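Hello,

Here is the structure I promised to pass on to you. Have a look at it first, and then read on for what turned up in it.

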Amino acid sequence: MIPVVLAAAILLASLQATTPPYATLTGPIGTVGRQSETVSSNTFSVKVNRVLKAKNIGYEQFGRAASLGSSGVWVVISAELQAFQKTMPVRAATLVGASGRMYRQSRRAGDAPNILSAKIAQPGLPTNGLFVFELPEDEISNMKLVLSEQYDPQLKDEISVLLQPDDTAPQARLEIRKDGV
């Protein structure tokens with residue numbers, strides 16, 4: 001009887017040690033791609049068109065010119081989203097910097113025209129717009145854009161787009177217009 005109980009204890013201990021944590025089991029359903037391609041999950045796709053960096057951004061807000069400076073760098077990503085099955089927002093956009101730190105979209109530039117987080121993606125209709133981030137200058141060498149319907153999605157699609165490394169210096173000023181940058 002003792003060998004059977006001992007074998008059962010060893011089996012249960014090995015099962016417990018090899019079972020993934022709950023957060024992993026219920027985490028996002030990830031898809032990874034590169035900037036130069038359309039990256040598709042089961043529910044939506046994204047195509048990153050351009051990645052621009054600037055020290056200052058400007059746009060028109062309520063008929064007046066708005067200008068935002070930064071002690072870091074503004075990263076403006078022009079992209080095209082498309083939903084496949086249902087109408088959906090893509091509100092959760094995170095930029096992962098060179099150190100692995102994550103940066104959410106800047107609320108300071110939330111009133112800029114053509115921001116994708118304020119739009120809804122419709123099935124069959126491509127939606128073009130911008131994601132705007134503000135981050136330290138040492139984080140802009142190797143970046144990754146992570147998109148999903150909500151932050152920390154559980155059992156929902158999440159797309160990661162590896163952005164092409166770009167060593168060019170940020171431009172002094174970038175104008176955001178209703179039709180893009």
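A residue counts as buried when its relative accessible area is under 20%, as exposed when it is over 50%, and as partly exposed in between. Please keep in mind that this is a predicted model.

Glu139 has a relative accessible area of 1%, which is under 20%, so Glu139 is buried. The side chain of Glu139 forms a salt bridge with that of Arg101, at 2.4 Å from N to O. Arg101 sits in the loop between E6 and E7, and Glu139 in the loop between strand E9 (127–135) and E10, so this pair ties together parts that are 38 residues apart in sequence. Arg101 itself is partly exposed, at 44% relative accessibility.

How many salt bridges are there in the whole structure? A search finds eight.

Lys86 is partly exposed, with a relative accessible area of 42%. The pair also belongs to a network of salt bridges that links Lys86, Glu149 and Lys156.

Now to the strands. There is an open sheet of five strands, in the order E1-E11-E10-E6-E7, and its pairing is mixed. Which strands lie at its edges? They are strand E1 (29–34) and strand E7 (102–104), each of which pairs on one side only. From one strand to the next, the twist averages 25°. At the E7 end, strand E6 (residues 92–96) runs antiparallel to E7 and is joined to it by three bridges. If you want a spot to look at there, Leu95 stands opposite Tyr103 in E7.

Strand E2 (residues 38–40) pairs with E3 in the antiparallel sense over three bridges, and a hairpin of three residues joins the two. In this pairing, Ser40 stands opposite Ser45 in E3. E3 also pairs with E4, again antiparallel, over 16 bridges; here Leu52 stands opposite Val76 in E4. With strand E12 (residues 171–176), E3 pairs in the parallel sense over five bridges. Ala54 has Gln171 in E12 as its bridge partner.

Most residues other than glycine have a negative phi. Phe62, though not a glycine, has a positive phi of about 55°. Phe62 lies in the loop between strand E3 (44–61) and strand E4 (64–83), in a hairpin that has two residues between the strands. Is the side of Phe62 buried or exposed? At 75% relative accessibility, Phe62 counts as exposed.

Asp152 is another residue to look at here: it has a positive phi of about 50° and is not a glycine either. Asp152 is found in the loop between strand E10 (144–148) and strand E11 (157–162). With a relative accessible area of 65%, Asp152 is exposed.

One last item concerns the surface. Leu11, Leu12 and Leu15 form a nonpolar patch there, and together they have about 300 Å² of accessible area. Leu15 is in helix H1 (residues 2–18) and is partly exposed, with a relative accessible area of 46%.

I hope you enjoy looking through it.

Best wishes

Note on methods:
Residues are numbered from 1 along each chain as its sequence is written. This is a predicted model: local features need pLDDT of at least 70, side-chain atom pairs count only at pLDDT 80 or more; totals for chains, interfaces and linings use all residues. Side-chain values use heavy atoms; hydrogens and water are left out. Helices (H or I, at least four residues) and strands (E, at least two) are DSSP runs, numbered from the N terminus. Buried means under 20% relative accessible area, exposed over 50%, partly exposed in between (1.4 Å probe, protein chains only). Two strands pair if DSSP finds at least two bridges between them. Axes are lines fitted to C-alpha atoms, for helices over the stretch in contact, and angles run from 0 to 180 degrees between N-to-C directions. Patches are made of residues with over 30% relative accessible area and no salt bridge: like charges are joined within 9 Å, nonpolar side chains (Val, Leu, Ile, Met, Phe, Trp, Tyr) within 5 Å. Accessible areas come from the Shrake-Rupley method with a 1.4 Å probe; for residues, only the protein chains shown count as cover. A salt bridge is a side-chain nitrogen of Lys or Arg within 4 Å of a carboxyl oxygen of Asp or Glu.
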